[in-house]
Each structure stands twice: as C-alpha cells, then as structure tokens.
Amino acid sequence: MNALVAVLDFISQEILNVPAYLIGIVAAVGLIALRKSAGQVIGGGLKAAMGYLILGAGATVVTASLAPFGDLIFRVTGAHGVVPTNEVITAQAASEYGTTSAYLIVLSFLIMLLLARFTPLKYVFLTGHHMVFMATLLAVVLSVGFGPGHSALVVAVGSVLMGIIMVVMPAFAQPYMNRVTGDDKLAVGHFNTVGYVLAGALGSAVGKRSRSTEDMKFPQGLRFLRDSMVSTTLLMLVLYLVFAVWGMIAVPKEELMGVFEGAQTSDTYGSYIMAAFAQALQFGIGVSIILYGVRIILGELVPAFQGIANRVVPGAKPALDIPIVFPFGPNASLIGFIASFVGGLAALALIAVWFGPAWGMALILPGMVPHFFDGGGAGVFGNATGGRRGAILGGFVNGMLITFLPAALLTVMGSLGLANSTFGDADFGWFGSIVGLLSRLGAAGGSLTALGFGAILFAAAWWYQVRLVNNGWLPASERAALQEANKAAATAS
Amino acid sequence: MNITCVCGMGIGTSMLLKMNVEQAASSLGLDAEVSTADIGTAKGAAQSADLIITSAELAEELTGLSTPIAVVHNFTDVSEIEAALKEKTQ
C-alpha cells in the first residue's frame, strides 16, 4: 500500500503539479485523440512542455527589465506604474498559478463544448492564447479571493465561469460581427468583446452618414508598426527614456544612480541613459522569447482542441482571434489603433492628475500589443456601423476602457497586483474584477455568488441569441440602407 | 514541402491558417510540413520554407524574398487555400 501511495504522491506532486509537464501531457493526449503517429505524439508533447519552460525563461528577462522601470516611475511620480501585457503577466503568474490554470483550460474547454452542443450558444472558442490568459486570470483572482488551500474549488468554479464566458462573449458580438463580415459564418473569440460591441454601438449612434474608412488613402509609412517586435520595443524605448529624463530633472542624482544597479558602467548621466536604453531593448527581447514559447505551446494545443471540437459540435461557429476582421477594414484597423492609443493616453492623463492622487489608482501606461489588436478591432467594428466617425470614436473609447479596466483589475490580484504588468484587454478587466470581488466573500459565499453571476450572464446571452441573433437582427440598418441608396444613385447617374 | 503561415503575432490567425492549410494539403495529396511565424521573424523563417502563405497586407511587407508567396484573403476558406496551393505548386 505504501508503495502505491508513494507512486501516486510522486505523480501528483512531481508531474501533475508541474505546469510544463501537465501542458505536455495535455498536448500528447490531444494528439493521440487525433490519431497522430507515435513520433508526432512524443514530439508534440515534448515541444509543448518546452514551450512552457521557454515562457518562464522569457518572464525572467521581462521582469528584470520592468523592475527598474517600476522603480524609476515610482521615484519620479510616486505612483505604481504598470504596462499591461497579457503574455508578461501570464508568464509571471506561471510558477504559482500555472498548474491550476492548466487544469482550468482543459476542464473549461470540455464545459464549453457541452454548452455549445446542448444550448443555442453554438460557438467554439479557438483563440488559444486568450484561453491561456483567461485561465491564468481566473486562477489568480479566485485563489486570492478564496484564500489558500482551495485549489480544487478554484478549478471547479473557474472552469464553469470560463466555459460560460467563452460562449457568451461571441454571442454578444455576433450581430456586429455579421455587419462586419457581411455574412454569418464567423464569430469573434477575443476577450476584448466589450470594446468591440461598444465600438459597434457607438458607431450606430454617431455615424449614420459618415463615409467608410476604406474610401480614404492611408499613409503607408505606419505599416512597420504591424511588426509587434518593432512596435513594442519602440514604445518601451520612448516610455523608458521619457521617465529616465524626467528622473534627471526631478530626482537627486545620488538617488537616481541606484535605479539601474549593475547595468550602469559608471555614475554618469550618460551611463544612466544608456542603461535605460538597454533595459528597454531587454523588454522587447523578453516579450519575443515569451511569444516564441506561446507559439510552440499553441502549435500543439490548438489543432488538437479544434480536432476534438469538430467531432463533438459539428457546425458550430468558430470564434476566432480578432485579426480575422482586419481584412474587412485595413484602414479602419489602423485608425482604430491610433484612436485607441490616444484614448489610452487621455485616460492615463486622467489617472495621473485625478484618480491616482484621489484613489491611489496605478498608472496604466499604454501597452502596444493590446492597443494594436483591441483598438484595431474596435476600429473595424466602429467603421462597419458608423464609418470614419464610428472608427475613431470606437477606437478612442476602447483605449479608455483598456486603461481604466486593468487599473480596476489590479485591486483584486493579490500580490500580483504589485507586479509591473497586468492583463490588457477589456473582458479580462471587467470579468476578472467582478469575479475577484465576489470571490472575496470566501470559499462558500464566493463560489456561490460567482457562479450566480455566471448564470445571469449565460441567461442574458441565451435570450440575446434566441431573440436577436437567431432572428437576424443587424445593427445600423439605417446606415446600410442609406449606403445602398447612394450606391444605386451613383450607378444610375 | 515546407510551408510557413505568417500573421502579425504568429499565434492567432496564422495558427488557424496552418490548420486549414494542412486540411487543404491533405485533400490535394501534398506532403506538407506547415509551420507558423510572425511578421517579424517571417523573413528568417522563409529561408527554410518552400512556400509562404499570408494575407494581402502582410505580403507587401515580405517583398524581395526568393521564396514564393501565396496570398489568401479569407483564412477560413479551405477551397480558396486549396486553389492558392494548387497554383503555387504547379
């Protein structure tokens, strides 16, 4: 008997409790279910596990680069500075919450398949990286709320909530998505849905006569920003140097020279500035390493998940990553990105002069990756319902959302709330904050109220799907009719 | 043959494209090894690939490569991918 206990203990503690091995096993099981060859199963499992370890290596680099940055911002402004980047916070949370979130991913995927199979919400969420982020987020906020020793409950409650949110959000976006794509074959599965729906709704409100963004010529010089390695590093360089120069003005020299301890060659301002420069590059390097790891994990997991989903729920709509809408409005996505960035800066100014001093809110600096993808998506949705005005206003409001919501989220993330990064997209912000607040009621009360909240969301989405989506409701029909009339007039004349 | 699917970040849409390319390749009877890349590393990845598949906007960023590029407008349309593959492999 003792030998059996020892073996089980070994398996649970030394294998299933190590997120990298767990992810590798999940990938291998998925590949077996797809009837891949033994070589592909072994290779895929090994690669997924190593991808997870690469994630951790990247997190070390990013954390080392962000720590002096946070220190610098604190010395200059007295506030806690945060750059929301999902990949970074997930990698930082991996050592403590990785195992819980790995179980959450698998279980929530099964719950989502059941919901898609047996309810009208027929969506299969296939954006693998957002599943990883949402699972990590729920593992963090529920663990913090419930307190130590409730990891099984965290997995149970978290996977139900995550299964629900994965079918609910695509449903809410569907009428707008149909307006974007012009048919009803695709759904959007990206946890910034509130930003997209809001952009679509604002577009319908303000842009009845506004012309489409796609009628205008857009400068090609901004295209290099599509490369996230370039744009992320450039933005970090600007942010780092702004605060470094600000520090030279506002902070005494002796104090300032301690910020980049070890990275500076001498106690001169020149050495200090170049240390800031080097740290900004390190941030870009760390994010690239993390992305490499994410790419490897998803390369093994997503095809397995999709293969299983196709068998269990044939005919369900695939809910896909947001860049899938960019071809429906390439100009709109760039306009939305810029408008979102401006909105983020406006919200940052509000926090710096108003909310920060009053409520101690963290300074949320603009993260390039969320603004590019979320703002771009909001621009496309805003353009589909409200032309240029819709794209600009939708992007701008989205930018404010993804600045205020991450600030709210920080308050429920426990010790990770002090990290220099957080989750960047809107749905992580509102969903995580609400679930985090409810879970503070303790293990029993918290799980009941959080599940109740999930049930309300689910019921609302069910009603929305049956009454609006299935009846073919489309937003901004007045605008579409006007455009049809214009087109007819143009061809007639 | 080695096929590389390219999108902005190399984790979302390129993954979707990869799965559909695999499906298209197997229905064409092609023996294809499909990988993904982001736009930043795509030029390096192209060196070891026989074909690159990406969107029209990103294809403009990848000009000047010796590797042929197939442009796909709808990443979810397997028949469009099949047609593009057929054209580039003949």
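**Entry 1: the contact.** I kept in mind that this is a predicted model. I listed who takes part: 25 residues from chain A and 21 residues from chain B. Then I looked up the area buried between the two chains, which comes to about 2000 Å², with 67% of that from carbon and sulfur atoms.

Entry 2: I found one salt bridge between chain B and chain A. Its partners are Asp38(B) and Arg295(A), with the closest N and O atoms 3.5 Å apart.

**Entry 3: chain B's side.** Which elements of chain B give two or more residues to the side that touches chain A? I get helix 1 (13–28), strand 2 (33–38) and helix 3 (56–61). Helix 1 of chain B gives the most, with five residues. Sorted by class, this side of chain B has eight nonpolar, eight polar and five charged residues.

**Entry 4: strand 3 of chain B.** Are the faces of strand 3 (residues 51–54) of chain B covered or open? Both are covered: Leu51(B) and Ile53(B) are buried on one side, Ile52(B) and Thr54(B) on the other.

I checked the neighbours next. Strand 1 (residues 2–7) of chain B pairs with strand 3 of chain B in the parallel sense, over three bridges, and Ile52(B) stands opposite Thr4(B). Strand 4 (residues 69–71) of chain B also runs parallel to strand 3 of chain B, joined by three bridges; there, Thr54(B) has Val71(B) as its bridge partner.

How values were computed:
Residues numbered from 1 in each chain as written. Chains lettered and ligands numbered in written order. Predicted model: local features only at pLDDT ≥ 70, side-chain atom pairs only at ≥ 80, totals over all residues. Heavy atoms only, no water. Contact = heavy atoms within 4.5 Å. Buried area = accessible area lost by both parts, 1.4 Å probe. Salt bridge = Lys/Arg side-chain N within 4 Å of Asp/Glu carboxyl O. Helix = DSSP H or I, 4+ residues; strand = E, 2+ residues; numbered from the N terminus. Nonpolar A, V, L, I, M, F, W, Y, C, P; charged D, E, K, R; others polar. Buried < 20%, exposed > 50% of the residue type's maximum accessible area, 1.4 Å probe, protein only. Pairing = 2+ DSSP bridges.
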